[in-house]
Structures are given as C-alpha cells and as structure tokens.
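Hi,

Here is the structure I promised to pass on. Have a look at it first, and then read my notes below.

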Amino acid sequence: MVSRAAGAGSRAGAGARAGARAGVKGARRPEVRLPSLESYGGGGLEPDGDYDGLLFDELDFVGQDGGGARFTDCALAGCAVDETRLHHARVLDCVLTGLRGVGTDFGSATFRDVEVVDARLGGVQMHGAVLERVVFRGGKIDYLNLREARIRDVVFEGCVLVEPDFGGARLERVEFVDCVLKGADFSGVSLTDVDLRRAAEVGFARGVDRLAGAVISPAQLLDLAGVFAAEMGVRVVGVDG
C-alpha cells in the first residue's frame, strides 16, 4: 500500500525549484510507503508499546496512556485522541488521517517520515518534539504547542493553524503552503530557510523580530508593515492625524 497524494512529487519538485531561485532550500517531503496492514485488535494503548504494520481504524483512545510507545509503518484513521498521553512516543513512517481530539500530549515525541491528514485537534502538546520530513495536510489545529521543538523538513499545507506557539523552536526548511497561520507566536525562534510566501494568510501575535531566516512575499510585507512598525516603535500617522 502506497500512501502519497497524487502529484505530491511534482508539487514538491516545483516548490523546491521555486525556492532554489529565491535562495531558499525547500523542505524534503516524506515518501511513506506502507506495507499490507493488519487491523489492530489489541484493545487500548500501552505505555512503551511497540506497534508495527498496524491499522488503527476509528478507535477510541480517549484518556489512554501510550507514553513512550513506538509506531512504525502504521496507519491511524479517524481515531479519537482526547487527552491521550503519547509523551516521548516515536511515530515513524506512518500516516495519520482524521485524528480528532483535544489535549493530546505528544510532548518530546519524535515524528519522522509522517503524513498528518485532515486532523481536527485542539490544545495539542508537542513541546520539545522532533519533527523531520513531516507533512500536515488539510484540517485545523487550534493552540498547537511546539515550544522548544526541532522542526526540520516540515510542510504545513492547506491547513488552518490558530494561535500556534513556536516559542524557542528551531525551524529549518519549513514551508507554509496554502496554509492559514493565525496569531502565531515566534518568540525566541531560530529560523533557517522558512518559506511563508505561499501561505494563504499569515498573522503574528509575537516574535516578528525573530523572522530573520524566513522568506515572505512582497504582498505579505505590505500586510505586515504595521506589525513591523509597531515592533520597532514606529508610529504610523497620516499628515492630518
């Protein structure tokens, strides 16, 4: 079973070429190829559990503890993850589709070669997490906590992020494509080759002084002019004001 959106390779190639022309290194996208999966019938999650080649389909993990668990070559589809504890979990070569829940704890987790599709989540804790070659495609995530995370080769595509907190995180080769970014906190971030030009909407609550290493479009510069002026202590007043 191969899980890859049609045309993703061509879009990634086009994005990389566009980024190269602008002197920006594009993100390397995951290429997840799942084996034939076995339906999971083991009941609830277990701390430090080892899950390999499994399909978790429409399961209820509300309030369960899977801290330290390892998921390899798995698909999670339509699962409820309200208050699910997955602290220090390792999610490798997986596809997560239609996850829904509030207060899911992925603190200090590792996501590598993962597709997160059409998630509907709120208050997700991913502080201190490591994300590498991850795509968040579609869906909406409110109050995503990525403080102190290490985020490399990650694409946020066609999703809505409401008040995400990137405080103190390190972002390298990260792209926002057709993505709505509302009230983002970039306080103390470190950015390298972060491409915001194709975002549908960009708004910052804090941290505009930390945007060195990011690339924005001329239109975004105009939209953010007031924010930049306020950050520098410049008042913008008409001649008749």
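**What turned up**

On the surface, Met232, Val234 and Val236 make up a nonpolar patch, and together they have about 340 Å² of accessible area. A patch here takes residues with over 30% relative accessible area and no salt bridge, joining like charges within 9 Å and nonpolar side chains (Val, Leu, Ile, Met, Phe, Trp, Tyr) within 5 Å. The areas come from the Shrake-Rupley method with a 1.4 Å probe, and for residues only the protein chains shown count as cover. Met232 sits in the segment after α3 (225-231); helices (H or I, at least four residues) and strands (E, at least two) are DSSP runs, numbered from the N terminus. With a relative accessible area of 64%, Met232 is exposed. For that word and its relatives, buried means under 20% relative accessible area, exposed over 50%, and partly exposed in between (1.4 Å probe, protein chains only).

Before going on, a word on the model. It is a predicted one, where local features need pLDDT of at least 70 and side-chain atom pairs count only at pLDDT 80 or more, while totals for chains, interfaces and linings use all residues. Residues are numbered from 1 along each chain as its sequence is written, and side-chain values use heavy atoms, with hydrogens and water left out.

Now the cavities. A cavity is a set of points, on a 1 Å grid over the protein atoms alone, where a 1.4 Å probe fits but cannot get out, and its lining residues have an atom within 4 Å of a point. Grid points are joined across faces, edges and corners, and the volume is the space filled by probe spheres set on the points. The count comes to four cavities of 30 Å³ or more.

The largest cavity has a volume of about 100 Å³. Its lining includes Leu45, Phe61, Phe71 and Leu76, and by class it has nine nonpolar, no polar and no charged residues. (Ala, Val, Leu, Ile, Met, Phe, Trp, Tyr, Cys and Pro count as nonpolar, Asp, Glu, Lys and Arg as charged, and the others, Gly among them, as polar.)

The second largest cavity holds about 70 Å³ of space. Its lining divides into eleven nonpolar, no polar and no charged residues, among them Phe111, Val116 and Met126. Both β8 (110-122) and β9 (130-142) supply at least two lining residues each, and β8 gives the most, with three.

Finally, the salt bridges (a side-chain nitrogen of Lys or Arg within 4 Å of a carboxyl oxygen of Asp or Glu). The whole structure has 17 of them.

- Glu31 pairs with Arg33, with the closest N and O atoms 3.2 Å apart. Glu31 is partly exposed at 43% relative accessibility, and Arg33 is exposed at 51%.
- Arg147 meets Asp165 at 3.0 Å, N to O. This pair links distant parts of the chain, 18 residues apart: Arg147 is in the loop between β9 and β10 (150-157), and Asp165 is in the loop between β11 (160-162) and β12 (170-177). Arg147 is partly exposed at 35%, whereas Asp165 is buried at 18%.
- Glu175 meets Arg198 at 2.7 Å, N to O. Glu175 lies in strand β12 and Arg198 in the loop between β14 (190-195) and β15 (201-206), 23 residues apart. Glu175 is buried at 7%, and Arg198 is partly exposed at 34%.

There is also a network: Arg28, Arg152, Asp153, Glu172 and Arg173 are joined by salt bridges that share partners.

Cheers

Note on methods
On a 1 Å grid over the protein atoms alone, a cavity is a set of points where a 1.4 Å probe fits but cannot get out, and a pocket is an open set with protein on both sides within 12 Å along at least five of seven lines; lining residues have an atom within 4 Å of a point.
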